[in-house]
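This briefing accompanies the structure displayed below. Please keep the display open while reading the points that follow.

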There are 2 protein chains.
Amino acid sequence: MVSNTMDQLTESDPGQRPPLSRERLFQAAIDLADRRGIEAVTMRNLAADLGVEAMSLYHHVANKQALLDGVVDGVVADIETELGGFDVVADAHSWRKVLRDRILTARRVMLRHPWAPAVIETRTITTPTTLRYMDTLLGILLQGGFSYDLAHHTMHAIGSRALGFSQELFQPNPDDDTGSNDTLAAMAIELPNIVGMLSTIVHDDPDTTLGWCDDQTEFEFGIDVLLDGLERRLGG
Amino acid sequence: MVSNTMDQLTESDPGQRPPLSRERLFQAAIDLADRRGIEAVTMRNLAADLGVEAMSLYHHVANKQALLDGVVDGVVADIETELGGFDVVADAHSWRKVLRDRILTARRVMLRHPWAPAVIETRTITTPTTLRYMDTLLGILLQGGFSYDLAHHTMHAIGSRALGFSQELFQPNPDDDTGSNDTLAAMAIELPNIVGMLSTIVHDDPDTTLGWCDDQTEFEFGIDVLLDGLERRLGG
DNA sequence: ACCTGAACACCGTTCAAGT
DNA sequence: ACCTGAACACCGTTCAAGT
């Protein structure tokens, strides 16, 4: 039907379904995680989404670990797309703004894949796209006047914030009945400082009880404190 | 045999093995993870260590999630032991040193349980001991002159560093053959900044190739940058 | 070359039964 | 009250077999 000399090319007949490829696996796994959560990403479920048996996946990835490596690479590639490419120009005057914008863009992408940070943290190897991303971050610092040594320390200090996420241990649960004075009084014995802070904030603005920790605000505060400390060390 | 009025007390006979308890489960799980890694902590393996069947564990914990919550609580309790208790005196002059020491103590405990950070990150609820730990950290800040608002932001900004760990994305793999000039040249096309940095550091000190990222140094740098930024905001 | 069915060695967890 | 054996509904992965 198609002007395809398919009996001469080694390329196989597309047939009814497009053939599997590593990229199709990774993208399907990302879609599956977005729709049903990361725990739904099993080899069997993924295969079902692709209209194939689970064992067919092993012709394209060595095992599930390799699949997850590809998934992480795909998410970082989404950051690249969102940025319109990793190339930017930064100079001694703009490094702080350029770095900050880049990190907040990464965060927007991560918010679309809320399961991704947990997966990234389980990986031991660094994927090719992640390496390229880190290389450009490093380039921004060097252009900004950082020495190799300070830039190196800085990359470590930024840590996962570079990809737009951070583990916040301090997450008062808004489902807890902190509105009840009885509960507060009972908690105050063991947790005087937290209860004191909660009480004060509730008193100042009763509407903030639920979800009073604005993740975006806290994330930006964390970056800015870090950038302040770095600027001082840069001798600015 | 023992002068134990066991037929009158409802306390059961200790018999050949001490009875199970939530605390014994948690401690056995921590020991198992230390010995054989967190992936070896299955209900069946844990039961075997305790000389019991897997299903018996369910009389003491609701499910594996509850077991892991208890494990995390136990690890943070280790920090408390290492600190000799959570109570400290800090004043406006000592908050920085007291906070820094406490975090580095937490880090020492975490290094004894290298699997713990990954488990902590999977938890959604905050355990009682973790809450008490965070309350004392908050107390140090308040004693140091932080407003509730700044102290609150600070707790978020410190994040997992409060418990002595952080995810470092930037971990050049020392197993990679970065010593070979051919490999470096090939990498330099895609990763000019990373390769440039590696080359310079290798040139300056050839011995640092393997394990040239000193985790402890980088961790302390990260805290100190953060503390610098906070000190500035405190108006010091 | 690519896909499949059956099977293996594990999981967490439920249930009915033992003492 | 506490523990158990068998079973269920899943996993990732291997293997021999199909086309």
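Predicted model: local features only at pLDDT ≥ 70, side-chain atom pairs only at ≥ 80, totals over all residues.

Chain A contains 10 helices and zero strands, and chain A can be laid on chain B with an RMSD of 0.0 Å.

**Overall make-up of chain A**

- Read from the N terminus, the elements of chain A follow the order α-α-α-α-α-α-α-α-α-α.
- Of the 236 residues in chain A, 47% are buried.
- Among contacts in chain A with a separation of 6 or more, 70% are between residues 24 or more positions apart.

**Relation between the two chains**

- A turn of 180° with a shift of 0.0 Å along the axis places chain A on chain B, with an RMSD of 0.0 Å. This is the relation of a two-fold axis.
- The C-alpha of A:Gly229 is the one in chain A nearest the axis, at 2.2 Å from it.
- Both copies use the same surface, since 100% of the contact residues of chain A recur in chain B.
- B:Leu169 lies in the loop between α7 and α8 (181–190) of chain B. With a relative accessible area of 17%, B:Leu169 falls under the 20% limit and is therefore buried.
- Apart from neighbours within four places in sequence, B:Leu169 is in contact with A:Ile120, A:Thr126, A:Met134, A:Gly159, A:Ser160 and A:Leu163.
- B:Leu169 and B:Arg233 are separated by 64 residues in sequence and by 27 Å in space, C-alpha to C-alpha.

**Nonpolar core**

- The largest nonpolar core comprises 137 residues. Those with the most contacts inside this core are A:Leu99, A:Leu163, B:Leu99 and B:Leu163.
- When residues up to four places away in sequence are not counted, B:Leu99 touches B:Leu137, B:Ile140, B:Leu141, B:Ile158 and B:Leu227.

- A:Ala28 is located in helix α1 (residues 22–36) of chain A. Its relative accessible area is 13%, under the 20% limit, so A:Ala28 is buried.
- Neighbours within four places aside, A:Ala28 contacts A:Leu46 and A:Leu50.
- A:Ala28 lies 139 residues from A:Gln167 in sequence and 27 Å from it in space, C-alpha to C-alpha.
- The buried residues in α6(A) include A:Tyr133, A:Met134, A:Leu137, A:Leu138, A:Ile140 and A:Leu141.
- Just after α6(A), A:Gly145 adopts a positive phi of about 100°.

**Helix α7 of chain B**

- Helix α7 (residues 148–158) of chain B is mostly covered, with nine of its 11 residues buried.
- The buried residues of α7(B) include three histidines, B:His152, B:His153 and B:His156. Also buried in α7(B) are B:Leu150, B:Ala151, B:Thr154, B:Met155, B:Ala157 and B:Ile158.
- B:Gly159 follows α7(B) and has a positive phi, near 55°.

**Aromatic pairs**

- Over all chains, the count comes to four aromatic pairs.
- A:Trp95 and A:Phe146 form an edge-to-face pair, 4.8 Å centre to centre with 80° between the planes. A:Trp95 lies in helix α4 (residues 95–112) and A:Phe146 in the loop between α6 (128–143) and α7 (148–158) of chain A, so the pair ties together parts 51 residues apart in sequence. Both A:Trp95 and A:Phe146 are buried.
- B:Phe86 and B:Tyr133 form a tilted pair, 5.5 Å centre to centre with 55° between the planes. B:Phe86 is in the loop between α3 (64–83) and α4 (95–112) of chain B, and B:Tyr133 is in helix α6 (residues 128–143) of chain B, 47 residues apart. Both B:Phe86 and B:Tyr133 are buried.

**Charged groups over a ring**

- B:Arg107 lies over the face of B:Phe219, 4.7 Å from the ring centre.
- The charged end of B:Arg161 also sits over the ring of B:Phe219, at 5.6 Å from its centre.

Terms used: Residues numbered from 1 in each chain as written. Chains lettered and ligands numbered in written order. Heavy atoms only, no water. Core = buried A, V, L, I, M, F, W, Y, C linked by side-chain atoms within 4.5 Å. Buried < 20%, exposed > 50% of the residue type's maximum accessible area, 1.4 Å probe, protein only. Contact = heavy atoms within 4.5 Å. Least-squares fit on C-alpha atoms with pLDDT ≥ 70 in both. Phe/Tyr/Trp six-rings, centres within 6.5 Å; stacked < 30°, edge-to-face > 60°. Helix = DSSP H or I, 4+ residues; strand = E, 2+ residues; numbered from the N terminus. Lys NZ or Arg CZ within 6 Å of the ring centre and 35° of its normal.
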